[in-house]
Amino acid sequence: MSNEKKRILEMLSKKKITIDEAERLLTALGGSPGAGTEPSGKAHPKYLRVQVEPVGPQSEGDRVNIRVPMNLIRAGLKWVSFIPKEVQGKMKTAFIEKGIDVDFNKLKAEDLEELVRNLNDLQVEVDGRDKVRIFCE
Amino acid sequence: MIPMWMKLRFPSKEKRPVILYVPLFLVWILLLVLFVLILPIWLIASAIACALGFGRTGLALIPLIVSTLWHLKGLEVDVGSRDRMITMKWL
């Protein structure tokens with residue numbers, strides 16, 4: 001058993017984390033305490049996929065299928081530091097008006113990893129016309 | 001790995017779509033030559049900027065651009081309707 005797995009199980013026994021959190025962490029490491037080792041497809045996702053499809057079989061709307069390498073997104077996050085502070089302030093205000101409180105100075109690659117880990121398969125239907133699907137692979 | 005080719009696929013009036021392979025490695029060679037030419041000017045400008053207190057931005061810019069271009073490989077964009085789909089892939 002690896003040191004990371006032991007640490008996770010110790011935290012679980014001391015009730016520092018919940019069972020769900022322990023399972024998620026162990027899945028990310030590539031194993032679980034009960035079953036045999038099952039490699040998780042989400043452990044190291046390589047791509048972020050965004051698919052937009054019109055709703056309904058007869059719909060003639062545009063389809064969008066984008067596959068972005070995760071490394072490109074990580075590299076793109078570093079560009080945030082080049083955004084002037086005045087512009088960052090305006091962007092933050094615009095995001096807050098939409099109900100999203102985000103601080104661009106505090107955005108880090110670890111935040112992206114957290115977001116990707118928790119992103120299973122998000123599907124959103126917009127105005128009954130388009131279906132947006134975002135997932136990692 | 002930096003992408004060497006870009007595959008472009010777009011519909012044509014005939015039944016078969018048009019597929020183009022753009023040699024990106026030629027673009028990178030041109031960029032490399034340009035970079036070598038402007039390197040002395042960039043270093044001097046960065047040194048002056050460091051003395052003024054904001055040299056970090058200039059020094060970080062080139063590695064950031066290289067990092068972004070390096071990780072373009074695998075990017076795919078497909079846009080269009082069922083019959084008229086435009087595809088771009090960085091290979």
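In this predicted model, 18 residues of chain A are in contact with 20 residues of chain B, contact meaning heavy atoms within 4.5 Å. Together the two chains bury about 1,700 Å², of which 59% is on carbon and sulfur atoms; buried area is the accessible area (1.4 Å probe) that two parts lose on being put together, summed over both. A:Arg63, A:Trp79 and A:Phe82 supply 34% of the area that chain A buries against chain B, more than any other three residues. Strand S2 and helix H3 (70-77) of chain A each give at least two residues to the side that touches chain B, and the largest share of that side, 7 residues, comes from S2(A). Helices (H or I, at least four residues) and strands (E, at least two) are DSSP runs, numbered from the N terminus.

A search of the whole structure finds 1 salt bridge over all chains, that is, a side-chain nitrogen of Lys or Arg within 4 Å of a carboxyl oxygen of Asp or Glu. The partners are A:Arg67 and B:Glu76, with their closest N and O atoms 3.0 Å apart. Because A:Arg67 lies in strand S2 (residues 63-69) of chain A and B:Glu76 in strand S3 (residues 76-80) of chain B, the pair joins two chains. A:Arg67 is buried at 18% relative accessibility, and B:Glu76 is buried with a relative accessible area of 18%; buried means under 20%, exposed over 50%, and partly exposed in between (1.4 Å probe, protein chains only). The charged end of A:Arg67 also sits over the ring of A:Tyr47, 3.9 Å from its centre (the rule asks for NZ of Lys or CZ of Arg within 6 Å of the ring centre and within 35 degrees of the ring normal).

Turning to the rings, 2 aromatic pairs are found over all chains. Rings of Phe, Tyr and Trp (its six-membered ring) pair if their centres lie within 6.5 Å, with planes under 30 degrees apart counted as stacked, over 60 as edge-to-face and the rest as tilted. B:Trp5 and B:Phe25 have ring centres 5.2 Å apart and planes at 75 degrees, so this pair is edge-to-face. B:Trp5 is partly exposed at 35% relative accessibility, as is B:Phe25 at 29%. B:Phe35 and B:Trp42 form a tilted pair, 6.4 Å centre to centre with 55 degrees between the planes.

Residues are numbered from 1 along each chain as written, with chains lettered from A and ligands numbered from 1 in the order written. Local features need pLDDT of at least 70 and side-chain atom pairs 80 or more, while totals for chains, interfaces and linings use all residues, and side-chain values use heavy atoms, without hydrogens or water.
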